[in-house]
Amino acid sequence: VVRMSYLTHEQMVNAACHYRLGASRQGGVIFWQIDQEGRVRDGKVMYYRPDCHRDKSKEHRPTWISTFLKRRDPFPDAPHETTHCFFGLHLIGEREGGVAIVEAEKTAVILSELYPQYIWLAAGGLGEVQVDKFRPLRGRRVILFPDTDPDGTAYCRWYHAAEEVMRSVFWEDSPPIRVSPLLELHATSSQKSRKIDLVDYLFK
């Protein structure tokens, strides 16, 4: 999933082990969602081109493992409740330190090797920064790095989500959540139109 210009071979192996990445028979990468207690919540299968960008062809759309299992279930009407968490959350139980949250799982994996002073988590989508997912992070220093876009939608949504978390009772006495304006301030109009993320900006 990570090309050599991003990480060395040793870094790639190290990151894959830390995040417990899997692989599908069709060549997809499985980003397992494992919570702070080591429980597997779900897994997202995603496909990439050789340049490390998403393969967005119809046959390679992202698929949840829970959805795949439900299709194969001989009892399709049985309840299949799945509660998602931040990708990489299992690392919270293994390490101390501040937490950085990005949108894409791939981005978290790459940045974990480049900036190991943070525990890098991924929301997995623009709308996946939800209040309850922050409960295991209480007491931690947290910084959000939203992707950028032409009208600042991603930054605003994550900024308001952070404010909502900080108003929650469970976040009482925890450090303020920061939302980095780095991409909003420094990305070009062209980069914003492409909706780049932090890795895209660092390797521009």
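Predicted model: local features only at pLDDT ≥ 70, side-chain atom pairs only at ≥ 80, totals over all residues.
Me: Which residue of β4 is the bridge partner of Lys 44?
Reply: Strand β3 covers residues 40–46, and two bridges join β3 to β4, residues 63–64, with the two strands running antiparallel. On the β2 side, Lys 44 is the bridge partner of Phe 31, and there six bridges join β2 (residues 29–34) to β3, again antiparallel. In β4, the bridge partner of Lys 44 is Trp 64.

Me: How many of the seven residues of strand β3 are buried?
Reply: Strand β3 pairs with β2 through six bridges and with β4 through two bridges. Strand β3 is mostly covered, and the number of its residues that are buried is five.

Me: Which residue in the hairpin of β2 and β3 takes a positive phi?
Reply: The strands β2 and β3 run antiparallel, and their hairpin has five residues between the strands. The positive phi there is near 85°, and the residue that takes it is Gly 38.

Me: Is Tyr 118 buried, partly exposed or exposed, given its relative accessibility?
Reply: The structure holds ten aromatic pairs; in one of them, Tyr 118 and Trp 120 are edge-to-face, at 5.7 Å centre to centre and 75° between the planes. Trp 120 counts as buried because its relative accessible area is 2%, where buried means under 20%. Tyr 118 has a relative accessibility of 23%, so its class is partly exposed.

Me: What is the angle between the planes of Phe 170 and Trp 171?
Reply: A pair of aromatic rings is described by the distance of the centres and the angle of the planes. Phe 170 and Trp 171 are both buried. Their rings lie 6.2 Å apart, centre to centre, in an edge-to-face pair, and the angle between the planes is 85°.

Me: Which element gives the most to the lining of the largest pocket?
Reply: The largest pocket, with a volume of about 770 Å³, is lined by 28 residues, and Arg 54, Lys 56, Glu 103, Ala 104 and Asp 147 lie nearest its centre. By class, the lining has nine nonpolar, six polar and 13 charged residues. At least two lining residues come from each of β3, β4 and α3 (105–114), but the element that gives the most, with three residues, is α3.

Me: Which element supplies the largest share of the lining of the second largest pocket?
Reply: About 310 Å³ of space lies in the second largest pocket, whose 14 lining residues include Ser 24, Gln 26, Val 45, Tyr 47 and Phe 68 nearest the centre. The elements that give two or more residues to this lining are β4 and α2 (65–72). The lining divides into six nonpolar, four polar and four charged residues, and the largest share, three residues, comes from α2.

Me: Which residue in the lining of the largest cavity is polar?
Reply: A search of the whole structure finds one cavity of 30 Å³ or more, and the largest cavity has a volume of about 40 Å³. Its lining has five nonpolar residues, one polar and no charged.

Conventions
Residues numbered from 1 in each chain as written. Heavy atoms only, no water. 1 Å grid on protein atoms, 1.4 Å probe; cavity = no way out; pocket = protein on both sides within 12 Å on 5 of 7 lines; lining within 4 Å. Points joined across faces, edges and corners; volume = space filled by probe spheres on them. Nonpolar A, V, L, I, M, F, W, Y, C, P; charged D, E, K, R; others polar. Buried < 20%, exposed > 50% of the residue type's maximum accessible area, 1.4 Å probe, protein only. Helix = DSSP H or I, 4+ residues; strand = E, 2+ residues; numbered from the N terminus. Pairing = 2+ DSSP bridges. Phe/Tyr/Trp six-rings, centres within 6.5 Å; stacked < 30°, edge-to-face > 60°.
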